[in-house]
Every structure is written in C-alpha cells, then in structure tokens.
Amino acid sequence: NPRLEMALFVAVSVFYTVTLVGNTTIILLSHLDPHLHTPMYFFLTHLSILDLCFTTSCIPQMLVNFWGSDKTISYVGCAVQLYIFLGLGAAECVLLLVMAFDRYVAVCRPLHYAVIMHLPLCHKLAFLVWASGIFGTLVQSPTTMKLPFCHHHRVDDFVCEVPALIRLACGDTRVNELQISVIGAIFLMGPLLLILVSYGHIAQAVLAIQSQEGRSKAFRTCSSHLAVVFLFYCSVTAVYIRPRSRFSQKAGKFLTLFYTVVTPTLNPLIYTLRNKDIKGAFRRLLWKDRMASEE
C-alpha cells in the first residue's frame, strides 16, 4: 500500500531514534556506573549492542525504500544484510537464554550467585552468544543465497531475510525449509523451552520469599526479561518455523517490521522504566555532571 509509505517512514524513523538513544544510554550507564558492574548489566549491555547492530543492519535501507521511488538492493547488499541480520538474530536468541540463566541463579541460588556468575564465566557465555550467531548464519545464509530465484527478483518483504528469499525461489525449496525449521528448533524453540523451565523454578522461589519487598524486586526484574522474551520469540517464531505457510506470506512482513523495529525499541524502555538501578545510575550521572559544572 504506497499510501502507507510516508507514515511508515516517520514511524520507523521515530522508533529507530529511540532505539539508538535508549540502547546507547544503557551501554554508557553500564560502563560508567560502578553499581552496574554486575553480570545482569554485563549481559544487558550485550543485548543493547546486539539491538543496535540488528536494527542498523536493515532499518537505514528500509527508510531509503520508504522515502523514494527506488526500492532496489544489490545482490551483494542483500547477501550482506542476510548474513548480519540472521547472525545477530540467532545470537539474541541465545543471549536471552543466558540472561534467563543469570536470573535463575540470582533468584534461586542467591547465596552462591557471586561464586557461580563470576567474570570469566560471563565472558565465556558472551563468547558463546556471539559464536552461536556466527554458526547460525554460516549454516543458513549460504544455502539460501544459492536458491534458484525467480527472474522478477521481487522480495516481498521489508528486509532480505530467509523466509522472504525462500518464497522468492522458483525451484524446490524443501531442503531449505527443513533446514530453517531445524535451525528454528535449535535457536528458537530450544532456548524458549529452557527459559520457560527456568522461570518455572524462579516463580516457585519468588513465592517462597518471605518479605514483600524481596518478592517485588524479584518480580520487577524477571517480568522485564519475560516481556522481552515474549515479544521477540513470538514474532520471530511465527515467521521462521513455517516460511511458506499462508500466515507467514500474509502477515510475515508486518511481523518482520515488529521484531526489527518495535522490539529493539521496547527493550531499553522495558528495562529502564521499571528498573530502579538504571534510574539511580542516571540520577547519579546527572548529579556528578551538575557538581562538576558548579565547581
């Protein structure tokens, strides 16, 4: 619908700006405030970096397509976008699982938290996250770009991603569909199942906490993470598990718009608006700057 292009251009521009400002703020606060030098904010920083890279890999091209009449992308540009987009998406799936494990240890094993979530382990888990993303994109992207694409070369989507390129192929895509289903099971359904199991244990531990303040703090922290998990996994799973389904063909592009534009914007808002630590760090940073200017 061409009449929606200018409205989408404005909306996506606003969301992208909020994404850049929000995630950059989290990265800076986590680095500058010593109170936030904890495993939780270490992984939250990686989530912000992922979201910044994830959105920047596709939104600038999306805005160019919305703004002008030229809506083309080169084959190399499409391939680069696919490799980066898929790799960062797979990495985020694993990172959300790692963050769930961190919350599980914090709530269910609080006395052993500092011993279990030590800095070397955090670095190893971060390496696992990025390595998983590289593995995921190197498995799926080359076979997708080798598909026999139809001569019209019209990608019916906002970005070059696997489901859209599979639908563009004119040959047999059953192997690619099976491959993306397996990859989806590994990076989507597997982590989601483990996250739900971990939060089942967390719910039991939270209900056993005696103090109302302790229950409220645990609930605030974990509900923020659960909201991010729900938004990301539900939208991505609907598109990737069955790329040629009627639902994926009709609603896929709008779900793509949701998890590429809306979810990365909501992540910093969800983690900051309900997070006293981030608010406190922001106030301390402003107070420090005010004191420095007065001196």
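Biologist: Is Val-162 buried or exposed?
Modeller: In this predicted model, Val-162 is buried, because its relative accessible area is 0%.

Biologist: Where does Val-162 lie?
Modeller: Val-162 lies in helix H7.

Biologist: And which residues does Val-162 touch, not counting those up to four places away in sequence?
Modeller: Val-162 touches Leu-82, Leu-86, Gln-140, Thr-144, Ile-180 and Tyr-240.

Biologist: What separates the C-alpha atoms of Val-162 and Asn-176?
Modeller: These two C-alpha atoms are separated by 9.1 Å, and the residues are 14 apart along the chain.

Biologist: Let us follow Tyr-240. What does Tyr-240 touch?
Modeller: Residues up to four places away in sequence are again not counted. Tyr-240 then touches Phe-85, Leu-86, Glu-161, Val-162, Pro-163, Ile-180, Leu-188 and Tyr-259.

Biologist: Which residues of the largest nonpolar core touch the most other members?
Modeller: Tyr-240 is one of them, together with Val-12, Phe-43, Met-62, Leu-96, Met-99 and Tyr-233. This core has 80 residues. Helix H4, residues 75-108, gives the most to it, with 17 residues.

Biologist: Why would such residues gather?
Modeller: In soluble globular proteins, nonpolar side chains tend to be buried together.

Biologist: Now a charged residue. Where is Asp-157?
Modeller: Asp-157 lies in the loop between helix H6 (119-145) and helix H7 (162-168).

Biologist: Does Asp-157 count as buried or exposed, and why?
Modeller: Asp-157 counts as buried, because its relative accessibility is 14% and the cut-off for buried is under 20%.

Biologist: What is Asp-157 in contact with, leaving aside neighbours within four places in sequence?
Modeller: Asp-157 is in contact with Ala-164, Arg-167, Lys-253 and Thr-256.

Biologist: How many positive and negative side chains does the chain have?
Modeller: The chain has 24 positive and 16 negative side chains, with the centres of the two sets 7 Å apart.

Biologist: Turning to the whole chain, how many helices and strands are there?
Modeller: There are eleven helices and zero strands.

Biologist: What share of the residues is buried?
Modeller: Buried residues make up 47% of the 295 residues. The chain exposes about 15,400 Å², of which carbon and sulfur atoms supply 70%.

Terms used. Residues are numbered from 1 along each chain as its sequence is written. Side-chain values use heavy atoms; hydrogens and water are left out. Helices (H or I, at least four residues) and strands (E, at least two) are DSSP runs, numbered from the N terminus. Buried means under 20% relative accessible area, exposed over 50%, partly exposed in between (1.4 Å probe, protein chains only). Accessible areas come from the Shrake-Rupley method with a 1.4 Å probe; for residues, only the protein chains shown count as cover. Lys and Arg count as positive and Asp and Glu as negative; His and the chain ends are not counted. The place of a charge is taken as NZ of Lys, CZ of Arg, CG of Asp or CD of Glu. A nonpolar core is a set of buried Ala, Val, Leu, Ile, Met, Phe, Trp, Tyr and Cys residues joined through side-chain atoms within 4.5 Å. Contact means heavy atoms within 4.5 Å.
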